[in-house]
Structure formats: structure tokens, C-alpha cells
Amino acid sequence: MLLYSGPLSLFSKKIEIALAEKGLAFERVLVPFTQTRGYEPRHPAVLAANPKGQVPVLVDDELTLYDSTVILEYLDEAYPTPPLYPKSPAERARVRVLDLEADEVLLEPIRKLMFRTEPPGSDRARREEQALLAYPHIVKSLSRIETALEGRTFLADDFSVADIATFMTVHWYLRLGGPGLGEMPNLNRWYITLASRPAFAKAAAELAAADRELSHPVPNAFQGVSNT
């Protein structure tokens, strides 16, 4: 099994965590990335496999897949133990919705913060204003997760793709200097619990190392997460 991944790719880390949680061996190819040019020039193998030219791309024998959600669903069907989706159709659908919300609803306003890891530019003040305007939309989504975690260890009855996807997006928010989770005790507890799992801890450590090498420092990164 071969995974084309990126050193600072949220969606690639979702797949790496899922593979580790399932105990599946794989070879990882890190696609070159810089903050100024992104993934340009595109990696030829990734471009050949994915019309978008984006990671992650998974190769399993003769099958090649792209898009993190498609890959996660394939892995759970091809390698069902331990499961990352619930058995009941209703709960599976709920997990799929939570995965989508993490990727497309919560992440969308967080994108306004991503400039903070780039080299400072002349428009930084304007972009910071836009980032601050995004906070209410981010908090609205985080509050929904806080409510969903009331009385729960995980977002579904058991650990699932919903936890992987949501953790990575919340991690991105904290990495980019979001105000933190201090006002959301359920979300804070859940985040700390997942961050202690080996697969998540490894992903976070590798992202931190990549940031030290590739990113402009974000002074307030990971502030406001309590271990109590």
C-alpha cells in the first residue's frame, strides 16, 4: 500500500491516522511543498492519479484512489477491523455527515486563518481583519460539536471517522492561532483524549516538525487547550 501525502496536508493526515488506527502497513511518499508555491510544480504521480493534482492519493495493489472521504470508506470496507464506521445505516450516515461538516463547514471559515503560516506580506493587516470576521462562524460550528459531545466519549457511539475528521479540523484551528477551547469543556476533553492516542500524537508531532521547517511561526498556536 502506497500513500502520497503532504507534510502540511490536513486531508492526508486523516488517512495516515486511519491507517495507523487499523494497523495497516503502508509506504508514504511526501510530496514537496512550500508556503510560497504550495505543491507547484505538481508531483507527476499525483497529477496522473488525481485530476485535481492533490494529495492524498492511495494506491492499494492495482487500485488508485483520491479524496480523503472516498479513501476512508474504501479502507473500512476492504479492511473492516477495527471498524471506523458504525454498523447501522443511520449511524453510518450520521458519521458521514460529521465528516462532511468537518471538511466543508467548519474548515471553510478556518481557511481565512491559513495565511498566518505564510511569510508576512503587505496585505497581512487586511487578511487579519478577515480572519477575525471568520471567528463567529468558527465558534458557531465548534458550539455544535460541543453540544454533540455532551455525555459522549466520541462523536458516535464508538471511535469513528467522525472523530478523525473533526479532530484534524479543530487541530488546524488551534494550529493557526484560534482562541482555543476554554469555553467548551466537552470539546476540550474530547480533543485531549484523542491527542493522546498514538496515531493522533504521531500526526500532531509530524505536523509540528513540518511547521518548524516550512511555516512562518504562529505566536498563539495551541493556546487555550486545558489538560484539566
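Reader: How many salt bridges does a search of the whole structure find?
Author: The search finds 18, where a salt bridge is a side-chain nitrogen of Lys or Arg within 4 Å of a carboxyl oxygen of Asp or Glu. This is a predicted model, so local features need pLDDT of at least 70 and side-chain atom pairs pLDDT 80 or more, while totals for chains, interfaces and linings use all residues. Residues are numbered from 1 along each chain as its sequence is written, and side-chain values use heavy atoms, without hydrogens and water.
Reader: Ok, which residue does Asp 99 pair with?
Author: Asp 99 meets Lys 14 in a salt bridge, 3.0 Å from N to O. Asp 99 lies in helix H4 (residues 89-110) and Lys 14 in helix H1, so the pair ties together parts 85 residues apart in sequence. Helices here are DSSP runs (H or I, at least four residues), numbered from the N terminus.
Reader: Is Lys 14 buried or exposed?
Author: Lys 14 is buried, at 0% relative accessible area. Buried means under 20%, exposed over 50%, and partly exposed in between, using a 1.4 Å probe and protein chains only. Asp 99 is buried too, at 1%.
Reader: New topic: how many residues of H6 are buried?
Author: 15 of its 15 residues are buried. H6 covers residues 161-175, and Gly 177, with a positive phi near 85 degrees, follows H6.

Methods. Helix = DSSP H or I, 4+ residues; strand = E, 2+ residues; numbered from the N terminus. Expected span 1.5 Å × (residues − 1).
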